[in-house]
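Please keep the viewer open as you read.

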Amino acid sequence: MLGGGAAAGAALLAGCSGDSGSRPDASGSRSDEERLRTRSARDSAALLARYDATADVHPRLADRLGPLREETARHLEAFRSADRPASGSALPSASASASASASASAGKARAADVPKDEKEALTALARAERRTADARTAALRDAPPELARLLASVAACGAAHAYLLTAGGS
């Protein structure tokens, strides 16, 4: 599954290499882009809250979830950032994740939503990652090139997270 998702993501990234700017036009694409970026940021914030709630209910999983949570925080910051880095990097530095963490904590998921069994909690988190990755992949066709590259990259990362969460062990 991961290999197929990565191959599809690579093909999408390769197909989006032409225009690096947004494509505002009379039909309101800029507004559509802003809505898609806002929705993507909201989805990342929800995932971040799920990671936090899962770690709160299952403290033994905190070390395992930490790196995935930090990547999710960087995704949130990337979607919230209005300016894309000139270097072509889609994700901001790790220092940006601190502000993403703080702002996402305000909408923290309820611990009551986290299964009491560790394996079930990881499976539920993996399902959330998969749903979000699938939604981002579906949004690619309507996204302008720069946002499409970001969506494809983050969707591929989410698919990897889902795999890692259910792969057993660490």
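Arg60 sits in the loop between H2 and H3; helices (H or I, at least four residues) and strands (E, at least two) are DSSP runs, numbered from the N terminus. This is a predicted model, in which local features need pLDDT of at least 70 and side-chain atom pairs count only at pLDDT 80 or more, while totals for chains, interfaces and linings use all residues. Residues are numbered from 1 along each chain as its sequence is written, and side-chain values use heavy atoms, with hydrogens and water left out.

Is Arg60 buried or exposed? Arg60 is exposed, with a relative accessible area of 70%. For these words, buried means under 20% relative accessible area, exposed over 50%, and partly exposed in between (1.4 Å probe, protein chains only). Along the chain, Arg60 and Glu118 are 58 residues apart, yet their C-alpha atoms are separated by 8.9 Å. Their side chains are joined by a polar contact of 3.1 Å. A polar contact is a pair of N or O atoms within 3.5 Å; within protein, one must be able to donate a hydrogen and the other to accept it, and residues adjacent in sequence count only if both atoms are side-chain atoms.

His58 lies in the loop between helix H2 (29–57) and helix H3 (62–80). His58 is buried, at 5% relative accessible area. A polar atom of the His58 side chain lies 2.8 Å from the backbone oxygen of Pro115. Not counting residues up to four places away in sequence, His58 touches Val114, Pro115, Lys116, Asp117, Glu118 and Ala121, where contact means heavy atoms within 4.5 Å.

Let us step back to the whole chain. It has six helices and zero strands, so the elements run α-α-α-α-α-α from the N terminus on. Of the 170 residues in the chain, 38% are buried. Among contacts between residues at least 6 apart in sequence, 77% join residues at least 24 apart.

Now for the helix packing. Axes are lines fitted to C-alpha atoms, for helices over the stretch in contact, and angles run from 0 to 180 degrees between N-to-C directions. Angles under 35 degrees count as roughly parallel, over 145 as roughly antiparallel, 65 to 115 as roughly perpendicular and the rest as oblique.

| Helix pair | Angle | Axis separation |
|---|---|---|
| H5 and H6 | about 160° | 8 Å |
| H3 and H5 | about 25° | 14 Å |
| H3 and H6 | roughly 165° | within 11 Å |

Helix H5 covers residues 118–139 and helix H6 covers residues 145–166. H5 and H6 are roughly antiparallel to each other, and their crossing is left-handed. A crossing is left-handed if the near helix is turned anticlockwise from the far one by less than a right angle, and right-handed if clockwise. The contact includes Leu122, Leu125 and Ala133 of H5 along with Leu151, Val154 and Gly158 of H6. By class, this contact of H5 with H6 has eleven nonpolar, five polar and three charged residues. Here Ala, Val, Leu, Ile, Met, Phe, Trp, Tyr, Cys and Pro count as nonpolar, Asp, Glu, Lys and Arg as charged, and the others, Gly among them, as polar.

H3 and H5 are roughly parallel to each other, and the crossing of H3 and H5 is left-handed. Arg64, Leu65, Thr72 and Phe79 in H3 meet Leu122, Leu125, Glu129 and Arg136 in H5. That contact has four nonpolar, one polar and three charged residues.

H3 and H6 are roughly antiparallel, with a left-handed crossing. Among the residues that meet are Leu68, Glu71 and His75 in H3 and Leu150, Cys157 and His161 in H6. The contact of H3 with H6 has eleven nonpolar, four polar and two charged residues.

Two residues of H3 are worth a look. Glu71 is found in helix H3 and counts as partly exposed, at 27% relative accessibility. Which residues does Glu71 contact, leaving aside its neighbours within four places in sequence? They are Cys157 and His161, and the side chain of Glu71 makes a polar contact of 2.7 Å with the side chain of His161. Ala73, also placed in helix H3, is buried, with a relative accessible area of 0%. The C-alpha atoms of Ala73 and Ala41, 32 residues apart along the chain, are separated by 9.8 Å.
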